[in-house]
Amino acid sequence: MAAVAEEPAEVAAVKPDPESEEILRREARLLGEDLGAAALSPAGAGLPGASGSEGDASSSEALLSRVTAAAAIAIGGSVAPVASSSPGVAAAAAVPPGKVGGGVVVEDQPDVSAVLSAYNQQGDPTLYEEYYSGLKNFIECSLDCHRAELSQLFYPLFVHMYLELVYNQHESEAKSFFERFHGDQECYYQDDLRVLSSLTKKEHMKGNETMLDFRTSKFVLRISRDSYQLLKRHLQEKQNNQIWNIVQEHLYIDIFDGMPRSKQQIDAMVGSLAGEAKREANKAKVFFGLLKEPEFDVPLDDEDEEGENEEGKPKKKKPKRDSVGSKSKKQDPNAPPQNRIPLPELKDSDKLDKVMNMKEAARRVRLGPECLPSICFYTFLNAYQGLTAVDITDDSSMIVGGFADSTVRVWSVTPKKLRSVKAAADLSLIDKESDDVLERIMDEKTASELKILYGHSGPVYGTSFSPDRNYLLSCSEDGTVRLWSLQTFTCLVGYKGHNYPVWDTQFSPYGYYFVSGGHDRVARLWATDHYQPLRIFAGHLADVTCTRFHPNSNYIATGSADRTVRLWDVLNGNCVRIFTGHKGPIHSLAFSPNGRFLATGATDGRVLLWDIGHGLMVGELKGHTDTIYALRFSRDGEILASGSMDNTVRLWDAVKAFEDLETDDFTTATGHINLPENSQDLLLGTYMTKSTPVVHLHFTRRNLLLAAGAYSSQ
């Protein structure tokens with residue numbers, strides 16, 4: 001049915017074929033039903049849940065106009081059960097206009113009773129085990145090439161059949177069904193099954209989030225057309241309506257033409273709360289290139305002055321400086337338009353900082369397999385307050401820790417102490433025109449290596465310095481994000497938008513904007529001068545655990561406990577990529593400096609690498625034995641560093657990981673990926689701490705790697 005929504009122009013041109021129309025009507029169960037039932041039937045206005053199934057038949061004009069009319073009626077958006085002759089038709093959310101058959105609309109708080117009434121259909125409860133084991137035997141006896149693909153059905157069918165039994169109050173049958181088959185499910189679903197096992201009565205299902213996730217978001221399976229036809233034939237021969245109804249109503253089968261995928265290919269991609277991403281979800285164009293750097297005339301003046309002091313220096317340096325300039329003069333073809341989103345103007349201090357950055361870059365160490373970075377580890381000793389977050393400024397001059405005792409502590413890493421601005425009375429006496437006015441306004445009496453910021457009323461889970469080092473963000477269990485001034489070391493604003501703990505926050509690489517993500521399953525985009533969020537990114541099915549800005553600031557990546565990573569467009573708030581493959585909640589994200597790739601780390605101890613442009617997984621780095629809390633690319637992107645709760649920092653060869661990628665049209669179209677068997681070839685080094693989990697990593701401008709964590713005595 002997806003074909004109808006995608007290509008209306010083509011559909012209109014094709015003449016209907018009576019036989020295919022009949023098949024479509026029969027499959028869609030539209031015969032003998034009134035229009036109202038068609039409008040509200042779950043699998044996309046009563047058509048099969050399979051995208052692309054019977055693609056040729058979907059061009060029937062009469063049916064198309066009927067479905068479109070049905071969708072138009074359904075726009076009201078109310079959700080209510082529908083009485084209908086077909087046993088499979090029940091309540092579902094209305095289909096939005098323009099998205100005929102696009103699956104169910106997910107609302108923030110769906111009406112629980114309407115959602116649950118989809119389980120009203122009654123099958124004989126004693127036969128559920130027989131149905132399931134029959135299908136299981138069929139799949140296990142099918143050819144190897146189909147078995148791996150069809151095995152994906154086990155988990156979603158198991159869950160929906162169990163929930164159907166519980167909802168219809170067949171408690172003993174449900175218990176026996178669970179006991180018998182829960183051991184067959186893949187190990188990465190264990191946590192979900194634990195939650196499921198606690199749902200034993202109809203009443204338990206009313207307010208349960210897991211329950212609603214399962215009902216309101218269709219479980220997505222990606223299956224080849226051959227495997228799908230095999231399954232369909234089997235279910236129709238066996239008259240196994242109960243399972244066929246579940247397949248049509250609760251699953252979204254994304255069918256592709258071509259070879260079925262191998263077990264290894266499927267295993268790499270599955271494991272999230274709602275199955276794989278639909279291929280359609282990763283088709284939108286993403287401008288992953290970098291914005292053009294503004295050009296300055298400042299560096300040359302600086303160089304001339306240096307030249308006067310030390311002869312011969314400009315000769316060496318000038319060509320390098322020009323090359324830095326010329327590199328940024330060419331517009332990246334994949335970059336977004338410069339004014340696609342409004343970015344703050346550069347202040348004079350920012351320009352000076354950029355100049356410093358260029359000078360540092362000229363002295364940067366070129367890293368590679370033969371030249372690994374030195375690692376400097378900052379260990380927080382006696383951190384009984386419980387270190388929960390760390391950040392380091394871009395110029396590596398300050399480090400901040402967020403603690404479980406609700407404090408935020410800022411340290412100076414350089415000999416230069418932290419000072420506050422003088423009081424207003426003293427400031428009025430200062431000569432504003434003097435060259436060193438920025439020094440004069442600082443109060444020497446307040447100088448210290450550490451400043452403690454009080455204000456939060458719960459553990460601080462995320463911290464982020466602004467690029468200009470004037471501000472600091474912190475987010476906490478108390479549901480707020482706070483903006484602190486690093487001039488006065490006081491809180492300037494408390495942003496209230498999340499109702500629950502906020503797990504992470506991060507400044508845009510250009511400052512001004514920042515993002516936060518929390519337990520309420522949404523990420524919010526803010527600007528420092530607005531007390532309300534500018535965008536709300538909703539779509540994750542569980543907590544948003546980590547957030548990251550793309551280097552061009554036009555996109556935001558969010559990692560979630562639903563085991564998916566999403567990429568959002570800042571301009572319009574749309575989700576433009578969904579990456580599935582992790583088997584546990586995601587806790588770290590890092591974009592490559594060129595903006596083309598994303599690395600993600602999770603509780604499963606794997607680092608996955610993604611090609612943003614093609615929307616494909618391109619690598620899997622195995623080696624860590626515990627949650628990965630920190631990921632960072634070196635400044636030129638040659639090395640990826642990962643830090644984990646297993647007390648190690650590992651360095652990976654990013655250049656080798658991303659070269660020779662198979663991103664031809666076929667791979668992109670089917671989502672087939674062939675990951676290299678051995679990620680150990682990419683591992684350049686493993687560095688152990690004595691007993692310190694790694695919570696943050698940072699490459700200095702010259703490519704020295706800084707790591708941080710709190711010593712744990714167990």
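Glutamine 506 touches Ser464, Leu473, Phe514, Val515, Thr547, Arg548 and Phe549, leaving out residues up to four places away in sequence; contact here means heavy atoms within 4.5 Å. The model is predicted, so local features need pLDDT of at least 70 and side-chain atom pairs count only at pLDDT 80 or more, while totals for chains, interfaces and linings use all residues. Residues are numbered from 1 along each chain as its sequence is written, and side-chain values use heavy atoms, with hydrogens and water left out.

You can find glutamine 506 in strand β15 (residues 502–507); strands are DSSP runs of E with at least two residues, helices are runs of H or I with at least four, and both are numbered from the N terminus. Glutamine 506 counts as buried because its relative accessible area is 17%, where buried means under 20%, exposed over 50% and partly exposed in between (1.4 Å probe, protein chains only). Its side chain reaches the backbone nitrogen of phenylalanine 549 at 2.8 Å.

Now let's turn to the nonpolar cores. Such a core is a set of buried Ala, Val, Leu, Ile, Met, Phe, Trp, Tyr and Cys residues joined through side-chain atoms within 4.5 Å. The largest one has 45 residues, and Leu153, Phe158, Phe177 and Leu196 have the most contacts inside it. Helix α9 (residues 154–167) gives the most to this core, with 11 residues. Another core, of 20 residues, lies apart from it and includes Phe288, Cys546, Leu589 and Ile612.

Conventions. Polar contact = N/O pair within 3.5 Å; in protein donor to acceptor, adjacent residues only side chain to side chain.
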